[in-house]
Amino acid sequence: MSSLEMNHYEEQGISVVTANGDINSATATEFGDFLKEAIETAPNAKVILDMSHVFYMSSAGLRDIVSGLKVAKRLGGDLHIAGIQARLKPVFEMVGLDSLSVFYENVDAAVSDFQT
């Protein structure tokens with residue numbers, strides 16, 4: 001059985017959501033609900049999703065990211081994705097997430113971009 005730990009914090013006025021673990025069919029609902037709530041309560045709906053500790057993601061997790069991105073845009077904000085593991089990048093690119101959101105090497109780079 002896999003587990004997922006979700007947290008959030010603010011970095012220079014931007015909400016950062018961290019995921020630690022696998023995002024699969026057993027954890028995708030928790031992931032999606034947490035991400036959506038974070039976006040809806042974030043100042044200006046600007047959120048960074050820190051994926052640096054996610055090593056597996058199913059299609060359900062990708063669907064939740066796309067859904068979160070749509071919610072953020074509808075609320076006038078955005079969802080930036082930071083720290084994607086090298087082995088997951090092709091999956092994100094294959095489903096077109098790289099054309100919908102900006103990927104960053106780390107949270108600091110995503111925070112800097114939000115502030116410009």
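Select Glu 40 to start: at 43% relative accessibility, Glu 40 counts as partly exposed, where buried means under 20% relative accessible area, exposed over 50%, and partly exposed in between (1.4 Å probe, protein chains only). The model is predicted: local features need pLDDT of at least 70, side-chain atom pairs count only at pLDDT 80 or more, and totals for chains, interfaces and linings use all residues. Residues are numbered from 1 along each chain as its sequence is written, and side-chain values use heavy atoms, with hydrogens and water left out.

Stay on Glu 40. It lies in helix H1; helices (H or I, at least four residues) and strands (E, at least two) are DSSP runs, numbered from the N terminus. Leaving aside residues up to four places away in sequence, Glu 40 touches Val 71 and Leu 75; contact means heavy atoms within 4.5 Å.

Next, select helix H2, residues 59-74. At 1.5 Å a residue, its 16 residues should span 22 Å; the end C-alpha atoms are 23 Å apart, which agrees. The expected span is 1.5 Å times one less than the number of residues. Colour the buried positions of H2: Ala 60, Gly 61, Leu 62, Ile 65, Gly 68, Leu 69, Val 71 and Ala 72. Their cover includes helix H1 (28-41), strand E3 (46-53), strand E4 (78-82), helix H3 (89-94) and helix H4 (97-100). After H2 comes Gly 76, with a positive phi near 85 degrees.

Go to the core. A nonpolar core is a set of buried Ala, Val, Leu, Ile, Met, Phe, Trp, Tyr and Cys residues joined through side-chain atoms within 4.5 Å. The largest has 27 residues; Ile 23, Phe 31, Leu 49, Met 51, Ile 65, Leu 79 and Phe 92 touch the most other members. H2 gives this core its largest share, five residues. Apart from this core lies another, of nine residues, including Ile 48, Ala 82, Ala 110 and Phe 114.

Last stop: the aromatics. A search of the whole structure finds one aromatic pair. Phe 92 and Phe 103 sit edge-to-face, 5.7 Å centre to centre with 90 degrees between the planes. Rings of Phe, Tyr and Trp (its six-membered ring) pair if their centres lie within 6.5 Å; planes under 30 degrees apart count as stacked, over 60 as edge-to-face, the rest as tilted. Phe 92 is buried at 0% relative accessible area, whereas Phe 103 is partly exposed at 23% relative accessibility.
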